[in-house]
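This briefing goes through a protein model by topic. Look at the sequence and the structure first, then read the points below.

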Amino acid sequence: MVSGLPAIATDILSPALGAIYGVAGDSVTQLFQAMLDRLESCILQIHDQNFGSLGMDADMDNNASPYMEELQKSILHFRSEFLSRLLPSSSSSITTGSETICTRLVRSMASRVLIFFIRHASLVRPLSESGKLRLARDMAELELAVGQNLFPVEQLGAPYRALRAVRPVIFLETSQFSSSLLRQDLPPSVILHHLYSRGPEELQSPLQRNRLTPMQYSLWMDSQGEDQIWKGIKATLDDYAAKVRSRGDKEFSPVYPLMMEIGSSLSGIVRGRCTAGKCPSNFNSNNVFTDELIADYIFHFFS
């Protein structure tokens with residue numbers, strides 16, 4: 001900011017320029033937060049769609065889902081009305097690594113949009129084969145919309161790798177999950193939540209068990225670590241196992257031992273991190289544009 005100036009000038013100007021920089025950041029952060037709220041509300045509409053249809057129409061329809069079309073329109077509006085004025089005229093400033101306040105904010109927003117979509121895509125239930133195809137098309141549309149209008153998705157790191165991984169994951173056979181390398185790029189909670197769509201109806205998800213809306217559950221997850229999310233999931237697995245045993249059955253759905261295996265390994269990882277004094281702090285949904293929180297979130301869920 002003051003490079004090239006004499007040391008005495010730097011000492012005098014730096015505090016004032018830093019304060020100006022902070023005020024400028026605060027003034028546009030509210031705009032970005034409002035837009036992010038709008039994009040998240042569009043994504044939440046994924047739960048109003050029918051991904052359990054067995055009909056051929058879903059296979060033949062090449063259009064994006066209504067919620068995704070609404071998301072695309074909102075992103076385009078934000079790009080044309082605001083980002084076109086706030087961001088540098090050339091994308092070279094992004095690709096060369098020199099970031100302005102708005103470039104940093106839009107990068108954080110793009111990361112959050114991908115993370116939020118992956119979370120709610122994993123919560124979709126029921127999910128038929130034609131529903132998987134439709135969901136995969138929505139993922140491709142999201143990648144295109146974010147990459148062309150917000151930020152180059154290839155430069156988003158872990159959130160982008162997760163989006164690329166979740167698409168083939170939904171087409172895996174349940175028996176392939178244990179050995180799939182795709183799990184390395186996804187938070188365990190995403191895998192666990194998706195597996196509910198492959199289980200019997202009596203295996204209730206945490207939303208069903210606690211009678212929460214997707215928004216309520218999502219807000220809760222924003223304030224929790226993966227270990228706490230696993231505790232909520234395990235409670236539903238324990239309820240399911242009790243139901244099976246109460247009627248004298250000895251066989252469980254194939255997803256039950258798989259989910260227990262994934263959760264058990266997660267518990268060991270979390271305990272190891274905490275023992276080493278490196279338990280990451282929780283992600284705070286009210287401060288999604290704080291760089292430390294974005295980095296902490298990505299470390300916690302994708303490392």
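Glu129 counts as exposed because its relative accessibility is 53%, where exposed means over 50% relative accessible area, buried under 20% and partly exposed in between (1.4 Å probe, protein chains only). Lys132 counts as buried, at 7% relative accessibility. The side chains of these two residues, Lys132 and Glu129, meet in a salt bridge with an N to O distance of 3.1 Å; a salt bridge is a side-chain nitrogen of Lys or Arg within 4 Å of a carboxyl oxygen of Asp or Glu.

This is a predicted model, in which local features need pLDDT of at least 70 and side-chain atom pairs count only at pLDDT 80 or more, while totals for chains, interfaces and linings use all residues. Residues are numbered from 1 along each chain as its sequence is written, and side-chain values use heavy atoms, with hydrogens and water left out.

**Salt bridges**

- The structure holds 12 salt bridges.
- Lys132 and Glu129 are 3 residues apart in helix H6 (residues 129–149), so about one helical turn separates them.
- Arg167 forms a salt bridge with Glu143, and the closest N and O atoms are 3.0 Å apart.
- Because Arg167 lies in helix H7 (residues 158–169) and Glu143 in helix H6, this pair ties together parts that are 24 residues apart in sequence.
- Arg167 is partly exposed, with a relative accessible area of 22%, whereas Glu143 counts as buried at 14% relative accessibility.
- In another salt bridge, the side chains of Glu40 and Arg112 meet at 2.7 Å, N to O.
- Glu40 belongs to helix H1 (residues 7–44) and Arg112 to helix H5 (residues 101–122), so the pair links distant parts of the chain, 72 residues apart.
- Both Glu40 and Arg112 are buried.
- A network of salt bridges links Glu40, Arg112, Arg119 and Asp222.

**Helix packing**

- Two packed helices are described by the angle between their axes and the distance between the axes.
- Axes are lines fitted to C-alpha atoms, for helices over the stretch in contact, and angles run from 0 to 180 degrees between N-to-C directions.
- Helix H3 (residues 66–86) packs against H6 at an angle of about 0°, with the axes 10 Å apart.
- H3 and H6 are therefore roughly parallel to each other (angles under 35 degrees count as roughly parallel, over 145 as roughly antiparallel, 65 to 115 as roughly perpendicular and the rest as oblique).
- The contact (heavy atoms within 4.5 Å) includes Leu71, Ile75 and Arg79 of H3 and Arg134, Leu142 and Val146 of H6.
- By class, the contact of H3 with H6 has 11 nonpolar, 2 polar and 4 charged residues; Ala, Val, Leu, Ile, Met, Phe, Trp, Tyr, Cys and Pro count as nonpolar, Asp, Glu, Lys and Arg as charged, and the others, Gly among them, as polar.
- The axes of H5 and H6 come within 11 Å and cross at roughly 175°, which means that H5 is roughly antiparallel to H6.
- Ala110, Val113, Leu114, Phe117 and Ala121 of H5 meet Leu135, Met139, Leu142 and Val146 of H6 in this contact.
- The residues of the contact of H5 with H6 are 9 nonpolar, no polar and no charged.

**The whole protein**

- The protein has 13 helices and 0 strands; helices (H or I, at least four residues) and strands (E, at least two) are DSSP runs, numbered from the N terminus.
- Of the 303 residues in the protein, 47% are buried.
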